Amino acid sequence: MTGSLAPSTGQRHAALLGIGSYRASRVVPNSELVDAIDSSDEWIQQRSGIKSRRWATPEETVQMMSVNASRKAIEHAGIDVAQVDAVIVATVSHMLQTPAVATAIAHELGADRPAAFDISAACAGFCHGVSLASDMVRGGSAKHVLVIGVERLSDITDVTDRGTAFIFADGAGAAVVGPSDEPGIGPVVWGSDGEQFDLIRQREDWRDVIVAEDPRMPHLVMQGNAVFRWAAFEMAKVAQQTLDRSGISADQLDVFVPHQANMRITDAMARSMKLPAHVRIARDIAEQGNSSAASIPLALDRMIADGEARSGDLALLIAFGAGLAYAAQVVRVP
Ligand code: UT7
């Protein structure tokens, strides 16, 4: 054996340094969707908590929304874009499968040729990205990582499907993860259950679409009730494990930001965790809908803007969805 490899050495701690978001501009009220799915505004609000959702215009591409959210996150972090040395984009709705949209976003931002790649963990994507970024900063492979969760789910939503037409939405959220004197991102609790792979998925893959007599987008389909039960029961346990692993009690928590999947899931988790009344709970879904990988940073950014989450607060993030895949961590609000 010859030579010895230099060890990679990173920062002692990592934290969220800044956050930013971009909401797709078109407000789509329930009333616009109900006729095609034989539903009602009342049913949708009662079952999901959604009053309206945001859908993107043609100009609001995955790249455009990501760049806008990222500029705000970089400004909030108080760093120069040249300091971003890695970009992670979590998305399932960038229609060009390759190359990764992360490289184009980095280029448009004017970053200095950072590492840039996409990850696919559906609604859990942002929390996966934050965990990777935290490990990268502490492991020494990057110092400032831009993590983006972005979706244009309206492109792959069947507006005639009763089970999904009213749920999905579009937007982008971004966070800068970088060095910190104190731990700002707690240990991740994450995992998957591939036995339930089919519960939320695209109806078919692109090869089936191409050979079909009547080609159509491979829309998302979901066995909503089974997902609901899994999310409400299993994810409450994961949320509790995350607090335990972080050494944080529910009393010490300030903010709870679950994936904005369904207001009833949020309420069931909060009840099951016995969250004290002082914990502010993200309820962005009412006006945003479920924007998958973008939902948590969009919700947290709104809470910061509304004064419900303050810098230094402890926030529990928990994301879950197709795969089934999930990831959760406690973070300090930047
Ligand atoms: O982001 C990834 C993770 N995703 C989630 O976590 C989503 C989880 N699932 C859900 O949010 C809920 O399952 C939905 C909101 C999608 C549906 O609510 P549900 O309470 O699970 O409804 P269900 O599918 O059990 O259907 C209940 C009833 C049925 O009628 P009957 O059989 O009780 O007479 C359905 O036919 O509601 C009926 N129904 C509707 N009625 C009006 C189903 N969809 C609709 C609709 N409008 N759109």
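I found serine 292 in the loop between α9 (285-288) and α10. Helices here are DSSP runs of H or I with at least four residues, strands are runs of E with at least two, and both are numbered from the N terminus. Serine 292 has a positive phi of about 50° although it is not a glycine. Serine 292 counts as buried at 3% relative accessibility (buried is under 20% relative accessible area, exposed over 50%, partly exposed in between, with a 1.4 Å probe and protein chains only).

This is a predicted model, where local features need pLDDT of at least 70, side-chain atom pairs count only at pLDDT 80 or more, and totals for chains, interfaces and linings use all residues. Residues are numbered from 1 along each chain as its sequence is written, and side-chain values use heavy atoms, with hydrogens and water left out.

I checked lysine 274 next. Its phi is also positive, near 50°. Lysine 274 sits in the loop between α8 (263-272) and β12 (280-281). Lysine 274 is exposed, with a relative accessible area of 70%.

Then I looked at α10 (residues 295-305). 8 of its 11 residues are buried, so the helix is largely enclosed by the rest of the structure. Among them are Ile296, Leu300 and Met303.

One runs from threonine 98 to proline 99, with omega near 0°. Proline 99 lies in the loop between β4 (86-90) and α4 (101-109). Another joins glycine 323 and leucine 324, with omega about -15°.
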